[in-house]
Each structure stands twice: as C-alpha cells, then as structure tokens.
Amino acid sequence: MLAPERDEAAAHLALGWLLLATAAVAASSLFAILIVMARVPGLGSLFPGTEFYRVALTLHVDLSQWVWFMAFAGTLWSLGARRAPGAWQWTALALGALGALLMALSPVLGAIRPLMSNYIPVLDSPWFLAGLGIYGIAVLMVALAVAREGANFDPRRVASANSWPEVLRLGLFLAAAVVLTALAVLVHAYATMPAALSGHAFFEALFWGAGHVWQFCLATLMLLAWLGLCAPRLALPSGRTLKFLLLLGALPALAAPLLLALLPPLPLSAATTEYFSAFTHLMQWTSWEVPLFLGGLLLILHWRQRAVPATGLSLSMLLLVSGIVLGAVIDGQTTLVTAHYHGTIGAVTLAFMGLTYGVLPALGYAMPPRPRIDLQLRLYGYGILLMMSGLAGAGLMGAPRKMAGNVGVEFSVEALSRMVLGLGGSLATIGILMFLVLVLRHLWPALSFGAVRHG
C-alpha cells in the first residue's frame with residue numbers, strides 16, 4: 001500500500017531518513033532510561049540533581065518527537081514522491097543528520113542550560129541551537145519539495161481518483177503544507193517578538209503557535225499510518241471520503257495565518273495571553289474530531305467484516321483516546337499534562353512503529369515475524385499506558401511537571417504513582433529497544449542471521 005512502484009533512488013533516500021529516525025529513537029531511549037530512573041523512589045537520589053534530569057528530558061523530548069517524527073515523515077515523503085530525488089532532497093537528508101548529531105552531542109561540547117519551553121525545549125548552547133536550526137532547515141527543504149510536487153496536482157484528478165496512491169499523496173502533501181504553515185507561524189513569532197523577551201519566555205513564545213499547528217501534521221501522518229495498518233482485505237471507505245476527511249483534519253492548521261491576522265501583534269498578545277490561548281483553543285477544539293471519527297469508523301469496519309485490527313492500529317487508537325480523556329481533566333501545570341501528551345504523542349509513535357514494519361518491504365527488506373512485531377508494539381503501548389496512569393495519579397496529587405520530584409522511599413499515593421510510572425517507562429523502553437533490534441536486524445542482513453533482502 002505504501003509504494004506501488006518502488007523507485008531505487010527514492011527507496012535509498014527513504015532508507016536514509018529511516019536510519020536517521022531509528023538513530024533518533026535509539027538516542028532518545030538512552031535519555032528516557034535516565035529520566036525514568038531519576039523519577040523512581042530510591043533510585044533518583046543517585047543522580048546529580050534536577051539540572052541533570054532537565055538536560056536528559058530536553059534531549060529525550062527533542063529526539064523522540066521533533067527528530068524522530070520528521071525523519072519518519074521524510075521516509076514517507078520520499079516513498080510517496082512521483083519523481084526521483086535530486087540533490088535538493090539528498091542535501092536535506094545530510095543537513096538533517098548533521099543537525100540531529102549536533103543536538104545529541106551538545107551536552108559534551110560546551111556549557112549548557114536547559115530551558116523547558118513547550119513543544120521544543122532547548123539547551124541554551126550554541127551547539128544545540130545550531131543543530132536545532134540546521135535540522136529545521138532540513139525539514140523546510142524536504143517539505144518544500146513535497147509541496148512543490150503536490151502543487152502540480154490536477155484538482156479534478158485529486159477530487160475524482162479513488163485509488164490508494166492518490167489518497168496517500170494527498171495526505172503527504174497536506175502534512176508538508178501543515179509543516180510549512182507551522183514554520184511560517186514560527187517566523188512570524190520571531191519577527192514580532194518583543195525585545196524584552198529572553199531565555200525561557202522567548203522560546204516559549206517562539207514555539208507556542210508553531211508547535212500547536214505542527215500537531216496537525218502529526219495527526220495527518222497518523223491517519224495515513226492507521227490506513228496503512230488496516231487488515232489487507234478490509235474494504236475501506238471510498239477514496240473521496242478518505243480525502244475529504246484528510247482535508248477536514250488539516251484545514252484548521254492551514255487556516256492559522258488567518259488566525260495571526262485576527263490577533264493583536266505578539267507584544268500585545270503576549271501580555272494579554274491572547275496569542276497563547278488562541279492556538280491552544282485551535283488545537284483543543286479542532287484536532288481530535290477527525291482522528292476519533294476515522295478511528296471509530298475503521299474499528300467498526302473491522303468488526304463488521306470480521307477482520308482483526310492490527311496491534312499497532314488498536315493500541316494507537318487506545319492511547320489517543322486515553323490522552324484525550326486525560327486532557328479534558330487537566331487543571332494546572334501538573335503531571336496530568338504530561339500524562340495527556342504521552343497518550344497523544346504515544347499514539348503517533350505507535351502508529352509510526354507499526355507502519356515502519358510495512359515500510360521495510362517497500363524498501364526491499366523482509367518484514368520481521370508477526371509475533372515479534374505484536375510483542376514489541378504491546379510492550380511499548382501498554383508501557384505508555386502504565387506511564388500515563390502513574391503520571392495521572394501523581395498529577396492528581398499535585399506533582400508538578402518537568403521536575404524530578406521527591407525521590408524518597410516513603411509510601412504515598414504519589415510515590416506509588418511514580419513506581420507505576422517507573423514500571424511503565426521500563427516496559428516502554430524495552431519496547432523501543434526491541435523496535436530498534438527488529439528494524440536494524442532487517443536493514444542489515446549480515447547482522448540479522450539470515451534476514452532476506454528482496455530485490
């Protein structure tokens with residue numbers, strides 16, 4: 001379903017992006033282990049204070065979200081392209097790898113100070129900021145290439161064609177358009193930023209609007225992943241219906257420039273919180289309806305046609321629903337917020353993991369055995385659910401987010417919640433490591449004891 005006609009050059013480019021994505025997951029999992037251990041009662045006292053925790057958290061978030069998600073998007077964009085990649089696309093991949101490497105190595109390259117801004121926390125280090133900027137340029141380049149190719153669509157063909165390739169290409173085009181819109185919002189924020197803002201406040205204002213718009217890109221790609229994870233013989237809705245749902249889901253993000261035009265300039269709105277609340281409401285009220293509708297529709301179709309939903313599909317939907325429910329009960333800056341976004345972000349990650357196994361044959365490699373795939377996805381999915389439970393329990397007790405918290409051994413509801421968090425985090429980390437082993441063993445047959453590469 002992913003690439004009906006595999007082009008060798010496109011497959012090689014997609015492989016490069018997939019390797020970058022898996023490398024980001026590998027690096028982020030190392031920091032995740034440290035984060036989980038720092039929150040477990042009794043173990044957290046072994047780590048050198050909250051500054052260490054915040055540095056590890058910053059790198060974990062950026063590598064496991066910004067780098068991993070956009071590198072996997074690069075994989076799908078490469079596979080879905082109509083034309084063979086040129087120097088522009090290969091340069092984007094090289095810049096992406098360089099930027100990610102600088103971000104990951106920045107703690108050992110010089111003095112750092114973590115600034116825990118939302119969506120993209122940063123380390124106040126020239127190496128980290130350079131890496132972040134270079135990676136952003138890489139994403140801009142590849143999104144521009146996809147948007148330029150997509151702009152050549154014949155509207156009549158897009159409206160009438162019912163084939164899966166047309167649905168896939170429209171979804172990939174919309175995801176790229178949303179990324180470009182998010183980057184435009186970021187540039188607007190930078191251009192209108194009050195001179196007095198610096199440090200955490202600067203990056204919070206810089207990434208707030210763009211980060212909220214970016215979520216619609218992830219939702220669009222998650223919907224494509226869900227469709228790709230459906231049972232092979234499942235009779236899906238018509239291509240027109242699927243394209244309408246994709247357009248409906250992306251439309252609020254594409255309308256973000258209109259929102260900027262209606263808002264006061266950022267210096268005024270930063271003082272009155274209009275800028276922040278406007279983008280919060282945009283995501284809060286328009287980002288979840290289409291995924292819930294399409295997810296429910298796909299589950300109904302599986303049930304009516306007596307097909308078993310793929311593990312990645314059902315668990316991704318479960319995480320999304322759990323994250324949305326927890327988001328509805330958020331009250332203040334507690335770990336309930338963290339529980340909410342671990343559900344919604346975990347849903348995207350799980351869908352991408354499940355789809356990765358389907359990407360391997362499109363790249364010419366064998367797919368791992370189904371039982372191992374299911375075990376890996378369950379370890380990650382149920383681990384995230386346990387993490388969400390622990391974070392939600394601690395949040396109900398008032399535990400603040402983005403802090404290591406009390407790491408003593410005394411018994412309390414919050415301490416018990418942190419133990420559940422530690423157990424869930426350990427399972428999720430094992431799931432991530434198993435994902436890396438399964439994928440890398442099949443990308444390098446010489447290391448996989450017999451994995452087959454299909455020509």
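I started with the second largest cavity and listed its lining: Phe-216, Ala-219, Thr-220, Leu-223, Leu-246, Gly-249, Ala-250, Thr-286, Ser-287, Val-290 and Pro-291. The elements giving two or more residues to that lining are H7, helix H8 (239–254) and helix H12 (289–304). H7 has the largest share, 4 residues. By class I get 7 nonpolar, 4 polar and no charged residues there. The space inside is about 70 Å³, and the structure holds 2 cavities of 30 Å³ or more.

Ground rules, before I go on. This is a predicted model, in which local features need pLDDT of at least 70 and side-chain atom pairs count only at pLDDT 80 or more, while totals for chains, interfaces and linings use all residues. Residues are numbered from 1 along each chain as its sequence is written, and side-chain values use heavy atoms, with hydrogens and water left out.

My terms for the voids: on a 1 Å grid over the protein atoms alone, a cavity is a set of points where a 1.4 Å probe fits but cannot get out, a pocket is an open set with protein on both sides within 12 Å along at least five of seven lines, and lining residues have an atom within 4 Å of a point. Points are joined across faces, edges and corners, and a volume is the space filled by probe spheres set on the points. For the classes, Ala, Val, Leu, Ile, Met, Phe, Trp, Tyr, Cys and Pro count as nonpolar, Asp, Glu, Lys and Arg as charged, and the others, Gly among them, as polar.

Next I looked at H7 itself. Of the 31 residues in H7, 27 are buried (under 20% relative accessible area; exposed is over 50%, partly exposed in between, 1.4 Å probe, protein chains only).

Then I turned to the largest pocket, with about 1,200 Å³ of space. Of its 35 lining residues, the closest to the centre are Tyr-119, His-212, Met-283, His-340 and Tyr-341. Helix H2 (49–80), H7, helix H11 (274–286), helix H13 (311–328) and helix H14 (335–362) each supply at least two lining residues. I count the classes as 21 nonpolar, 12 polar and 2 charged.

I noted both since most residues other than glycine have a negative phi. Arg-306 is exposed, at 81% relative accessible area.

Neighbours within four places aside, I see Thr-349 in contact with Trp-68, Phe-69 and Tyr-380 (heavy atoms within 4.5 Å).

Buried residues make up 56% of the 455.
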